[in-house]
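Work through the exercises below with the model open. Try each task before reading its solution.

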Amino acid sequence: MRPAALDWSVENCTISRAMEILGERWTLVVLREVFSGVRRFDDMRVRTGVPRQVLTNRLATLVEQGVLRREPYREPGSRLRHEYRLTEKGLDLWPVLVAVLGWGDRYLADPEGSALSVGHRDCGAQVRVELRCADGHEVGQHRDVVPRPGPGARRRTP
């Protein structure tokens, strides 16, 4: 049986566009650090082991794409430097990181567990990502979600 997905084009797919920004190996690691409150270049480099040039490039891309913004700071007696802060666009990536963390915890964690967890500030309970439809129904099984053409889809020509 021929999949219906072959009937529409994915030329303007936003997953592809997002992965152009987020798909490099170190990008989500850098974002993990910024979400954890690590905002300065040297702290990120030491904590993650990301090579200096790679970190420079990742941060530049995230700033250029509006995910992070550079904020100046100056330690007493030192030159002006910048730290990296999340923009609204960047903050909207938090569920993505929580989903990746949950997947990693399920399939890749050491026997003693993950090195990171995320909790609800108010009650302390662990936070996880769940799927809901626009009408508010929780989607219990992933197979209950059906990909379909979106408003920007173009019909493929044979």
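Contact means heavy atoms within 4.5 Å. Helices (H or I, at least four residues) and strands (E, at least two) are DSSP runs, numbered from the N terminus. This is a predicted model: local features need pLDDT of at least 70, side-chain atom pairs count only at pLDDT 80 or more, and totals for chains, interfaces and linings use all residues. Residues are numbered from 1 along each chain as its sequence is written, and side-chain values use heavy atoms, with hydrogens and water left out.

**Exercise 1. Find the residues that join H2 to H4, then classify the angle.**

Step 1. List the contacts. Thr27, Val30 and Leu31 of H2 meet Leu55, Arg58, Leu59 and Leu62 of H4.

Step 2. Take the axes, which are lines fitted to C-alpha atoms, for helices over the stretch in contact; angles run from 0 to 180 degrees between N-to-C directions. The H2 and H4 axes come within 10 Å and cross at roughly 75°.

Step 3. Classify. Angles under 35 degrees count as roughly parallel, over 145 as roughly antiparallel, 65 to 115 as roughly perpendicular and the rest as oblique. H2 is therefore roughly perpendicular to H4.

**Exercise 2. Describe how H2 meets H6 (residues 94–107).**

Step 1. Their axes come within 11 Å and cross at roughly 110°. That makes H2 roughly perpendicular to H6.

Step 2. The crossing of H2 and H6 is left-handed.

Step 3. Leu28, Leu31, Arg32 and Phe35 of H2 make the contact with Trp94, Leu97 and Val100 of H6.

Step 4. Focus on Leu97, in helix H6. Leu97 is buried, with a relative accessible area of 9%. Not counting residues up to four places away in sequence, Leu97 touches Leu28, Leu31, Arg32 and Phe35.

**Exercise 3. Which residues touch the most other members of the largest nonpolar core?**

Step 1. Define the set. A nonpolar core is a set of buried Ala, Val, Leu, Ile, Met, Phe, Trp, Tyr and Cys residues joined through side-chain atoms within 4.5 Å.

Step 2. Leu31, Met44, Leu55, Leu59, Leu62 and Leu68 touch the most other members.

Step 3. Trace the suppliers. H1 (14–22), H2 (27–35), H3 (41–48), H4 (52–64) and strand S3 (81–86) each give at least two residues. H2 gives the most, with four residues.

Step 4. Check Leu68. Leaving aside its neighbours within four places in sequence, Leu68 is in contact with residues including Leu31, Leu59, Leu62 and Tyr84.

Technical notes
Buried < 20%, exposed > 50% of the residue type's maximum accessible area, 1.4 Å probe, protein only. Left-handed = near helix turned anticlockwise from the far one by under 90°.
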